[in-house]
Amino acid sequence: MLFSRGFRRIPTTTFNGFSRWFVSHRPGYSQSQTTTHCSRDSTHKIFGGFEESRFWGFAGSRYQIHHQSSSLVEEELDPFSLVADELSLVANRLRDMVVAEVPKLASAAEYFFKMGVEGKRFRPTVLLLMATALNVKVPEPAKALADTLTPELRTRQQSVAEITEMIHVASLLHDDVLDDAETRRGVGSLNCIMGNKVSVLAGDFLLSRACVALAALKNTEVVTLLATVLEQLVTGETMQMTCTSEQRCSMEYYMQKTYYKTASLISNSCKSVAVIAGQTTEVAMLAFEYGKNLGLAYQLIDDILDFTGTSASLGKGSLSDIRHGIVTAPLLYAMEEFPQLRAVVEQGFENPKNVDIALDYLGKSRGIQKARELAIKHANLAAEAIESLPESDDEDVKRSRRALVDLTQRVVTRTK
């Protein structure tokens, strides 16, 4: 499996870097089990005008966890196929939920819910898999206030997936207006097709529909969790727009902003699925930790792909962040190696020459590699959260947990 264009494919027999990293952080791990965390190819490849080291990769095969044996075994698994039927139900309900009385608003609101541009439904997939992964016996004190494991419970958990997707799409519509984006998911962005005002109103409409569905759950803790997401989405976007020069060059500030803008939604949604099932506080926090770290890993790879990907593969313009003056992990790490880069960053990137200078420094640095290593660290932490869930003999539960672990690998090896 490739990290990005031009990366070499690692033979499936190779015990790859991710697996070594994952094993090295497992409880009871001994350093004598393996001595090398990753292999690195020292050759180089040119990407979009700058040079990037060709980093160690992952094997194309999936390494899965068996809780009872604590051993890694190779097993092909497609997380999306496990919930394909449910995803279809969720997609159909979403299309029904975004119907509006005003034709233009209806057309705008359903723009990214139509067949062909609805994306992979990554977040609903995670939440449906999490719902099954937590389908275990709940201790009586916790269960007293919860739904039992019934079709009604599953429908309520599906509703969380629907609410999450509406919030996500609404945030995309608003982001595209703020960023003056021209494309999204390989098609024209809504703000370019219908204008900024309609796009903002469509996002507001989706949020209002999400709030109605959230209220229908009649669970105050879940309402609080997902209302917090909305607050943090706005906070994160404001942090990005109003940061000082010092904050702009701070990794801590970047990670906090990234959590608010990307990881808060999936982490609090995962926790909501656990809360609805009446799980213990400990299990609900493991679900939260999985979503948080998966979300952070996802965004870190997104930030890398903004430099290494193509507009065609991303479905949106490449080098978008730097052209908008947004400093992400690869550049922050490059600044650690080349402090003189900070002066360029502080001047801003309105001048195309500054973009070229920054890319030149990035190409000479280990910024891309260190950002990828950080993404792998968070992917590993997400996988560890699933490992820590209460044991279960149920095959569906175990299969869903393996799929959730598999998604952590897919996130850090994706090329779009």
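**Figure 1. Overview of the predicted model.** The secondary structure of the protein consists of 20 helices and six strands. The protein has 416 residues, of which 55% count as buried. Among contacts with a separation of 6 or more, 74% are made by residues 24 or more positions apart.

Figure 2. When neighbours within four places in sequence are left aside, Thr-262 is in contact with Gly-295 and Gln-299. Between Thr-262 and Ser-171 there are 91 residues of sequence separation, and their C-alpha atoms are 9.9 Å apart in space.

**Figure 3. Ser-269, also placed in helix 12 (residues 251-276).** Is Ser-269 buried or exposed? With a relative accessibility of 0%, Ser-269 counts as buried. Residues up to four places away in sequence are not counted here; beyond them, Ser-269 touches Leu-127, Val-160, Thr-164 and Leu-226.

**Figure 4. Aromatic pairs in the structure.** Three aromatic pairs are found in a search of the whole structure. In one of them, the ring centres of Phe-122 and Tyr-298 are 5.2 Å apart and the ring planes stand at 35 degrees, so the pair is tilted. This pair links distant parts of the chain, since Phe-122 belongs to helix 5 (residues 122-133) and Tyr-298 to helix 13 (residues 281-308), 176 residues apart. Phe-122 and Tyr-298 are both buried. Tyr-259 and Tyr-260 form another tilted aromatic pair, with 5.9 Å from centre to centre and 55 degrees between the planes. Both Tyr-259 and Tyr-260 are buried.

**Figure 5. The contact of helix 19 with helix 20.** Helix 19 covers residues 367-387 and helix 20 covers residues 395-413; their axes come within 9 Å and cross at roughly 175 degrees. An angle over 145 degrees counts as roughly antiparallel, so helix 19 is roughly antiparallel to helix 20. On the side of helix 19, the residues that meet helix 20 are Arg-372, Ala-375, Ile-376, Ala-379, Ala-382, Ala-383 and Ile-386. Helix 20 contributes Arg-401, Leu-404, Val-405, Thr-408 and Val-412. By type, the residues of this contact comprise nine nonpolar, one polar and two charged.

**Figure 6. Lys-218 in a loop between two helices.** Lys-218 is placed between helix 9 (196-216) and helix 10 (220-242). Most residues other than glycine have a negative phi. Lys-218 is not a glycine, yet its phi is positive, at about 55 degrees. The relative accessible area of Lys-218 is 75%, so this residue is exposed.

**Figure 7. Cysteines without a disulfide.** How many disulfides does a search of the whole structure find? The search finds zero. Cys-243 is in no disulfide, and the nearest cysteine sulfur, belonging to Cys-249, is 8.5 Å away. A disulfide needs the two sulfur atoms within 2.5 Å. Cys-243 has a relative accessible area of 25% and is therefore partly exposed. Cys-211, with a relative accessibility of 40%, also counts as partly exposed.

Definitions and conventions:
Residues numbered from 1 in each chain as written. Predicted model: local features only at pLDDT ≥ 70, side-chain atom pairs only at ≥ 80, totals over all residues. Heavy atoms only, no water. Axes fitted to C-alpha atoms, helices over the stretch in contact; angles between N-to-C directions. Helix = DSSP H or I, 4+ residues; strand = E, 2+ residues; numbered from the N terminus. Parallel < 35°, antiparallel > 145°, perpendicular 65-115°, else oblique. Contact = heavy atoms within 4.5 Å. Nonpolar A, V, L, I, M, F, W, Y, C, P; charged D, E, K, R; others polar. Buried < 20%, exposed > 50% of the residue type's maximum accessible area, 1.4 Å probe, protein only. Phe/Tyr/Trp six-rings, centres within 6.5 Å; stacked < 30°, edge-to-face > 60°.
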